Amino acid sequence: MATLKVEAREGTGKYKVFELRKAGRLPGVIYGKGLKENVNVSMDLKEFLAVLRGGERLLDLDFGDKKMHVLLKAVQHGTYDHEILHADFRAVSDDEVVEVVLEIELKGEEDAPGVKVGGMLEQNLHQVSARCKPKDLPERVVVDVSGMKLGDILYVADLPKLSGLEYVGHGNLAVVSCHAPKGEDIEVPQDGDAPTAPEVIGEKEREEKA
């Protein structure tokens, strides 16, 4: 979970907001359960953009003396130049189940039997929606593909089961597949054969004719 430093701000008038933006800061507001009233804040614009580019939606806002779990709910842009003008956050409790979008990361690509015989892995899904409490939020979902053979497909239903995390959406969506390069047929070695030299079917005949 990313952390974003914020400061409480006084005043909401146009002049106050203009001064904030001139100083490179972005105004924002926090609302939600557990708050008696909305909390007006400001943050460094560059730090906010870094969080936004990282795809983070569930954040820790750091006030210096305390932190608060929040969901990034809305980002207001300018009408003409699309400059970011304002950010809205909703406070969430430690026990609240929230829906987030997580990045999917592959590991073990080079060890996959299908890759060793000349095949390739294609990642069809790069993000997945999930529900969890803030304390159970992982940085990403890591998928081990080291056992994938030619023709294998891993689906959302095959994603690793993580404590406190529930995947949202269709379980039959393909995450990653292993197949031969387009336009090529690969002869798969039988068990016990060394898969070190993938052979393209038809190549040997062309060499003999030459």
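Visitor: What should I keep in mind about the model before reading any feature?

Guide: The model is predicted, so local features need pLDDT of at least 70 and side-chain atom pairs count only at pLDDT 80 or more, while totals for chains, interfaces and linings use all residues. Residues are numbered from 1 along each chain as its sequence is written, and side-chain values use heavy atoms, with hydrogens and water left out.

Visitor: Which strands pair with strand 6, and in which sense, parallel or antiparallel?

Guide: Strands are DSSP runs of E with at least two residues, numbered from the N terminus, and two of them pair if DSSP finds at least two bridges between them. Here strand 2 (residues 25-31) runs parallel to strand 6 and is joined to it by 4 bridges, with Val29 standing opposite Asp88 of strand 6. Strand 5 (residues 67-77) pairs with strand 6 in the antiparallel sense over 7 bridges, and in this pairing Gln76 stands opposite His86. Strand 5 and strand 6 also form a hairpin with 6 residues between them, and His82 in the turn has a positive phi of about 60°.

Visitor: How many residues of strand 6 are buried?

Guide: A residue is buried under 20% relative accessible area, exposed over 50%, and partly exposed in between, with a 1.4 Å probe and protein chains only. In strand 6 (residues 84-91), 6 of the 8 residues are buried, so the strand is largely enclosed by the rest of the structure.

Visitor: Which residues gather in a patch of negative charge on the surface?

Guide: Such a patch is made of residues with over 30% relative accessible area and no salt bridge, like charges being joined within 9 Å; Asp and Glu count as negative, and the place of the charge is taken as CG of Asp or CD of Glu. In this model the patch gathers Glu109, Glu110, Asp111 and Asp144. Asp144 lies in strand 10 (residues 141-144), and at 44% relative accessibility Asp144 counts as partly exposed.

Visitor: Where does Lys161 lie, and is Lys161 buried or exposed?

Guide: Lys161 lies in the loop between strand 11 (153-155) and strand 12 (166-168), and with a relative accessible area of 67% Lys161 is exposed. Lys161 and Val141 are 20 residues apart in sequence, and their C-alpha atoms are 9.6 Å apart in space.

Visitor: How many salt bridges does the structure hold?

Guide: Side chains of opposite charge can pair when their charged atoms come close. The criterion for a salt bridge is a side-chain nitrogen of Lys or Arg within 4 Å of a carboxyl oxygen of Asp or Glu, and the structure holds 6 of them. One of these joins the side chains of Arg90 and Glu96 at 2.9 Å, N to O; Arg90 counts as partly exposed at 21% relative accessibility, whereas Glu96 counts as buried at 18%. Another pairs Glu139 with Arg140, the closest N and O atoms being 3.4 Å apart, with Glu139 exposed at 62% and Arg140 partly exposed at 35%.

Visitor: Which residues are linked in a network of salt bridges?

Guide: The network links Glu99, Arg131 and Glu166. Within it, Glu166 forms a salt bridge with Arg131, the closest N and O atoms being 4.0 Å apart. Because Glu166 lies in strand 12 and Arg131 in strand 9 (residues 127-132), the pair ties together parts that are 35 residues apart in sequence. Glu166 counts as partly exposed at 46% relative accessibility, and Arg131 counts as partly exposed at 34%.

Terms used: Patches are made of residues with over 30% relative accessible area and no salt bridge: like charges are joined within 9 Å, nonpolar side chains (Val, Leu, Ile, Met, Phe, Trp, Tyr) within 5 Å. Accessible areas come from the Shrake-Rupley method with a 1.4 Å probe; for residues, only the protein chains shown count as cover.
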